[in-house]
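Let's take a walk through this structure together. Have a look at it first, and then we'll start with a pair of helices.

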Amino acid sequence: MGIRVRCPAREPAVTALPTTSSTQQRDLRRLGTPKSVSARAFRERLIVACLAVAATFSILVTTTIVVVLAKETVGFFAFPDVTVGEFFGSTEWNPLLGAEKHFGIWPLISGTVLVTVIAGSFALPIGLIAALYLSEYASPRIRATLKPALEILAGIPTVVYGFFALTVITPALQKLSPAFGNYNAMSAGLATGIMILPIVCSLSEDSLRSVPRSLRDGAFALGGTRFDVSVKVVLPAALSGIVAAFLLAISRAIGETMIVALAAGGIAQITANPAAEVQTMTAYMVQIFLGDAPATGVEYKSSYAVAAMLFVMTFVLTMIGQAILRRFREEYD
Amino acid sequence: MATTRSTASRVFSDRAFLWTCLIATNVAVVVLAVLLVSIFWQGWGTLEWSFITNFASRKPAEAGIRAPLMGSIWVCTICGLVALPLGVGTAIFLEEFSRKSRFTRIVQTNIMNLAGVPSIVYGILGLTAFARMFGAFGTNTDEAITFGSEESFWYLRIPFGSSVLAGGLTLMLVILPVVIIATQEALRAVPSSLRSGAMALGATPWQTVWGITLPAAVPGIMTGAILAMSRAIGESAPLLVLGGLLFVLNTPENLMSDFAILPLQIYNWAGRPQDDFHLIAASAIIVQLAVLFLFNGIAVLIRQKLQKPLQY
């Protein structure tokens, strides 16, 4: 486009590209503006350098998270009444009340795991089956109505799910059984399950749909029913993506904050009873940051140690998910 | 298959599975319906125009969401203005300019990790890095370094404290991975023949990106950006770490103003024992969901209007 030839005799032929819009023509003309080669090369380098800086920013973020959490956690363990052995060995977490403070992380981890297990056992099977339905069974028209419903669920703020747990799920559970208190793990777990359901479903569906059509056709040709094809052929082929989706959803459930802060309660205890009140790691952090604990005190610093623990847990889950995606991806091209 | 089964039993299992599928899928739809109906049931009665224009109050009947609504708008605007250029820039670098080097692989894995970090951890990062600036400038806000006058909207104070600017930057950290991943997917969907064509005409790499690839990817980027922003509007845990639950009685005036945000106001009201506060929490949720559906609606419209097949 650098050279434009004027040829009056053949005017109609020169106004070629009649389909391109005026904006496209302007873009193309600007691209061809003659400029010194060195100026252009300089501009290129400058822009690429700026983009590289932007890309480095994300590494800076991770590094800062790790450094801040590590530094404050070390500060926490430097307090005389805290030891690493107690943190990982004791089963009592009682930093705020009573004469003697206890910092054993296990009650908080137990609360987190209980809520996550309830959420997972609700969302993972339902999400996976719904994904199978959307990708293998549903007609385009049903897909066109169900996908937006799932997208809406995915966009609803977590505090709304917390409100829902508190005002709808908990009263419903109390109708079923008087064992459920005003705050319980079941209600928070179910709400968290609803929250991660769209993640499980849409990510699993993506990975099911990326299985090539030829595999399905082959299985149908061998006489398989739709059930045989989807469960015995498509599902195994997409398994790495589905496991990665599950792990992502679980790490979301572990890190979920507002639902558990509203509906799970505030008693840190080791229990497997879904009707009991539990405190999760995130709920403890909310309690500290909302409370009036002095910023230099041992209680305040303990929230950083809990955050570091939380970061490590989700980090490990994400890394496992990534490794599974890389190692076990089936290539069918 | 090693086992031989009767056709009848195979057809039966097929049918049974179809019904399981239908039930599971309908659970999601029913849950969504129950959620929306219950919130409208509780909140519709107290939703009036004065609810939107009033400030917070200790009496539920007089309380309103003016300050949190304006706070949310300020924080999300700052968040979007920083996150979009930074995220799109990172994605362009990763997709268009970098070879498959060790550096890009580290950046890519790192972004995946950042996407999985709980948002409350970002709150701690924002508190340390933006609000307190690692304690490098002292902890007392009276001794802070200031730029500009308090009347101008760009009034700056270092460290930022729990201000609108610190809040927006913290939310930016949360949605940055979302923006990057969405933009990368949009760029990957642009056929490489377009790039080759531009290069063959003598365009430099950046000219190709700016003039050809980026315009073709705009619908995808816009959709991703809007979904990221709708996440930012609803995100409350990181800002809870940053500022706690502030009882704010004025709308933000400059970058250093204190602020409340809508989701935290909802959290505050929902956590109280009185039923009257639950009702106005539901009203606030209706406003929040209205904003959210507006955003999602725009995203869907853009997807339908702008997404033409990429063949010229």
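Helix 5 of chain A and helix 10 of chain A cross in a right-handed way (a crossing is left-handed if the near helix is turned anticlockwise from the far one by less than a right angle, and right-handed if clockwise). Before going on, a word on what you're looking at: this is a predicted model, where local features need pLDDT of at least 70, side-chain atom pairs count only at pLDDT 80 or more, and totals for chains, interfaces and linings use all residues. Residues are numbered from 1 along each chain as its sequence is written, while chains are lettered from A and ligands numbered from 1 in the order in which they are written.

Back to our two helices. Helix 5 covers residues 106-137 of chain A and helix 10 covers residues 226-237 of chain A; they pack at an angle of about 115°, with axes 11 Å apart. (Axes are lines fitted to C-alpha atoms, for helices over the stretch in contact, and angles run from 0 to 180 degrees between N-to-C directions.) Helix 5 of chain A brings Leu132(A), Glu136(A) and Tyr137(A) to the contact, and helix 10 of chain A brings Arg226(A), Ser230(A) and Val234(A). Two residues are in contact here if their C-beta atoms, placed from the backbone, lie within 7 Å. Sorted by class, that makes three nonpolar, one polar and two charged residues (Ala, Val, Leu, Ile, Met, Phe, Trp, Tyr, Cys and Pro count as nonpolar, Asp, Glu, Lys and Arg as charged, and the others, Gly among them, as polar).

Now step back to chain A. Its secondary structure comes to 14 helices and two strands, where helices (H or I, at least four residues) and strands (E, at least two) are DSSP runs numbered from the N terminus. Chain A splits into domain 1 (37-78) and domain 2 (93-328), with bounds that come from an automatic or database domain assignment. The C-alpha centres of these two domains of chain A are 31 Å apart. Where they meet, seven residues of domain 1 of chain A are in contact with seven of domain 2 of chain A.

What about chain B? Here 69 residues of chain A are in contact with 72 residues of chain B. On the chain A side, helix 3 (residues 37-77) of chain A supplies the largest share, 17 residues. That side of chain A divides into 48 nonpolar, 16 polar and five charged residues.

Next, the inside. Of the 333 residues of chain A, 44% count as buried (20 or more other C-beta atoms within 10 Å of a residue's own; exposed means 12 or fewer, partly exposed is in between, and C-beta atoms are placed from the backbone). The largest nonpolar core has 191 residues, and Ala191(A), Val200(A), Ile175(B) and Val179(B) touch the most other members. Such a core is a set of buried Ala, Val, Leu, Ile, Met, Phe, Trp, Tyr and Cys residues joined through C-beta atoms within 7 Å. Our helix 5 of chain A gives the most to this core, with 18 residues. Both domains of chain A give residues to this core, so it lies between them.

Two more stops. Ile175(B), leaving aside neighbours within four places in sequence, is in contact with Cys79(B), Ala83(B), Ala228(B), Arg231(B) and Ala232(B). Finally, Phe328(A) sits in helix 14 (residues 298-328) of chain A. Why does Phe328(A) count as exposed? Because Phe328(A) has 12 C-beta neighbours inside 10 Å.
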